[in-house]
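Take a look at the structure below.

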Amino acid sequence: MGVHVSTTVNGDHAEFTCAEDEVLLDVLRNRLGLTGAKEGCGTGDCGACSVILDGRLVCSCLVLGAEMDGKSVETIEGMAEGAKLHPLQQHFIDGAALQCGICTPGILMAAQALLRKNPDPSEEEIRFGLAGNLCRCTGYDKIVRAVQSAAKEMRS
Amino acid sequence: MRYIQPNTAKEAAAALAKEKGKAFVLAGGTDLLVKMKAGVVEPDLIVDIKGIKGIKEIKKSASGFVIGAAVPCAALGENKDLVKAWPGVVEGASLIGSKQVQGRCTMAGNLCNASPAADSVPGLIAASAKVVLTSPKGSRKVAVEAVPAGVGRTNLKKGEFITAIELPKRAPRSADAYLRFIPRTEMDIAVVSCAVNLTLDNKGTITAARVALGAVAITAMLVPDAAKAIIGTKLDDEAKAKLAAACSAACKPIDDKRGTVEFRTEVAGVLARRAAEAAYSRAGGK
């Protein structure tokens, strides 16, 4: 059996066949070779698998691959333009806003979704915007500061 | 397991009705996929309703709002007319989960998951919202409070599913509010919750009200005595005290690690008072 799906990933056409109960996270990682999205909890609590689906931030562990037909998904692999990092990525590095890095792709996608809706968020808005992303290494201060400095650069 | 995405509600209902195994409706999947992962449910058939025309739309009409069953909660807060007319309904729905969950979760799913603590349900009950149920025989409308039957159980018949939630037309000087108690600031489940919906006359006297409580019984519930306590008043201290007492009296909560019976009973009254104050002020009362 299996479902054949025709979709768009980071602006490029993609096709895959997946099992009916296979989640988008597994499709991205195991069928499309996009291993940026990580499985933390697999139940929508940690945000490590965050992607942007038709303009909305979602946990890819809570989307079926079968649902993707005709949809468009953005993953962390589409964030940089070639070798040029996105300002969010650059400021995370410059501000040491990561340690082990497992949560970072999801946090960057969540921050990207936030800044598209709100280019000048307050600290509180950033903390609420990232409340669905858990980091067990850094604490969140450096992450919040990196998003603030990236937002500032993106506005200028 | 099979997965289908029908284009019409009729087709979806027919597939649900004729399935001999376990059939589940998929809208946002934020409950269903978690339960599948945990092995709590093992569907034979998943009917993804998002392909049904209009089911992801919010429509404003002369008789109110029609919110398609697959509208993600994030879209509710983006609809300025809806926020203006039903701020309490929107604030309840907006409290469910993280931004990621908001991008997928739906009020219809929150209702059918039938948790007593569902954040969007008290607001819908207070609003006199109705659900449109479609089955192979046609469709019918029932009050939101008639949907949950108990923890994790609904009164929906086999082959029946929600296609839309309807919010009635607003009288002038009407507003609603929703409050919940959680021990943290975000990403938690209500220990107690309350929604108040009211209408004022031009002197600020409450002419109509509905009060609903969540997480203090096996389902979210309407509390008619609480509404009676404030109708005909300007929400003075005596009315607020009676409102709080009526809410506390209606509570039949459980003791668990998140709150005791005594705590939930007391806080239900406190939240009712505060939600009533918020709704009263939003409706233009002073």
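**Helices and chains in contact**

H10(B) passes H11(B) in a right-handed crossing. The model is a predicted one. Helix H10 of chain B covers residues 237-250, and helix H11 of chain B covers residues 261-282. The two pack at an angle of about 140°. Their axes lie 8 Å apart. That angle makes H10(B) oblique to H11(B), because angles over 145 degrees would be needed to count as roughly antiparallel.

Which residues make this contact? From H10(B) come Lys240(B), Leu243(B), Ala244(B), Ala245(B), Cys247(B) and Ser248(B). On H11(B) they meet Thr265(B), Glu266(B), Ala268(B), Gly269(B), Val270(B), Ala272(B), Arg273(B) and Ala276(B). By class, the contact of H10(B) with H11(B) holds 8 nonpolar, 3 polar and 3 charged residues.

Stay in chain B and turn to helix H1, residues 9-18. Its buried residues are Ala9(B), Ala12(B), Ala13(B) and Leu16(B). Where do they point? Seen down the axis of H1(B), the buried residues fall within an arc of 95°, so they line one face of the helix. Strands are part of the cover over these buried residues. In chain B, that cover includes strand E2 (23-26), strand E3 (45-48), strand E6 (130-135) and strand E10 (161-168).

Now move to chain A. Helix H2 of this chain spans residues 87-94, and it packs against H3(A) at an angle of about 130°. The axes of H2(A) and H3(A) are 10 Å apart. The two helices are therefore oblique to each other. Their crossing is right-handed. Leu88(A), Gln89(A) and Phe92(A) are the residues that H2(A) brings to the contact. From H3(A), Thr104(A), Leu108(A), Ala111(A) and Gln112(A) meet them. The contact of H2(A) with H3(A) has 4 nonpolar residues, 3 polar and no charged.

How many residues link the two chains? On the chain A side 24 residues are in contact, and on the chain B side 20. In chain A, strand E4 (56-59), helix H3 (104-117) and helix H4 (123-129) each supply at least two residues of the side that touches chain B. By class, the side of chain A that touches chain B divides into 13 nonpolar, 7 polar and 4 charged residues.

Methods. Residues numbered from 1 in each chain as written. Chains lettered and ligands numbered in written order. Predicted model: local features only at pLDDT ≥ 70, side-chain atom pairs only at ≥ 80, totals over all residues. Axes fitted to C-alpha atoms, helices over the stretch in contact; angles between N-to-C directions. Helix = DSSP H or I, 4+ residues; strand = E, 2+ residues; numbered from the N terminus. Parallel < 35°, antiparallel > 145°, perpendicular 65-115°, else oblique. Left-handed = near helix turned anticlockwise from the far one by under 90°. Contact = placed C-beta atoms within 7 Å. Nonpolar A, V, L, I, M, F, W, Y, C, P; charged D, E, K, R; others polar. Buried ≥ 20, exposed ≤ 12 C-beta atoms within 10 Å, placed from the backbone. Arc of directions from axis to C-beta.
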